[in-house]
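Q: Can we go through this model together? I'd like to start with the fold and then look at the charged pairs.

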Amino acid sequence: VDSVDKALTELGRVFIKFNTEDFSSVDLSTYETVIVAMDGGYPDTADIQHLAGFANSGGNLIMLGGSSLNTFATAVDTYLLDIDAVNYLWTTVAGIPDLEVTAPMHQLAQGLPATYNFVNNSATYYMIRSQDAAAEEAAVNGDGETALLKKKMSNGTLTWFINSPYSSYWSNAADFAVLKQIIDNALGVAFESTEKDFDGDGKSDILWGNTSTGQVYIWLMNG
């Protein structure tokens, strides 16, 4: 997903990447942060269990978007986040504003406008409808759904921005600035715990997975 690539590049995150067709086969145990950017795709239960295991073991998991597959919704509801596992189809936001900060002091809300209407309506596509009382809400959308949240897992953290990160939806500069700020904030949440360096360069490491294409990218961060 080029929108995530672009955001991390503009944020000064230096990285290299590799990919694999089987997300659940990737050893996540040596990484501090995993970013999963999805606009559909075919993740199965094993993929979600793998991500949940990472977060529960102390990892920082950042989710963007989702998939309207029943297997995905059911697995998310079971292992990651209490969601509406009946109504999980993609839709654009019908109400206004498209995004509204509800907890302005929350780390995830820093630098975000109090309210925002996306220039490209497609940037409002979402399918996750959280019902998780344990999740901290930072922002809602115009349909009253939690749009940006953080949840403490057993020993780690889950952050979720429910809008699809599909690149063409974020071609407008103002819209993209919101997405980039959210990613920056999510990385800040992720780095609240002790950072780890796994390649010996003295810098923190990130793993990013794109389950829409079956690709997983390791981003070796430089600051």
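What follows is a short chat about this structure.

Q: What is this model, and how are residues numbered?
A: It is a predicted model, where local features need pLDDT of at least 70, side-chain atom pairs count only at pLDDT 80 or more, and totals for chains, interfaces and linings use all residues. Residues are numbered from 1 along each chain as its sequence is written, and side-chain values use heavy atoms, with hydrogens and water left out.

Q: How many helices and strands are in the chain?
A: The chain has four helices and nine strands, taken as DSSP runs numbered from the N terminus (helices H or I, at least four residues; strands E, at least two).

Q: How many salt bridges does the structure hold?
A: Two, a salt bridge being a side-chain nitrogen of Lys or Arg within 4 Å of a carboxyl oxygen of Asp or Glu.

Q: Which residue pairs with lysine 180?
A: Glutamate 10, with the closest N and O atoms 3.0 Å apart. Lysine 180 is in helix α4 and glutamate 10 in helix α1 (residues 2–10), so the pair ties together parts 170 residues apart in sequence.

Q: And aspartate 132, what does that bridge to?
A: Lysine 151, with the closest N and O atoms 2.7 Å apart.

Q: Are aspartate 132 and lysine 151 buried or exposed?
A: Both aspartate 132 and lysine 151 are buried, meaning under 20% relative accessible area, with exposed over 50% and partly exposed in between (1.4 Å probe, protein chains only).

Q: What does leucine 80 touch?
A: Its contacts (heavy atoms within 4.5 Å) include Asp132, Lys151 and Trp160, not counting residues up to four places away in sequence.
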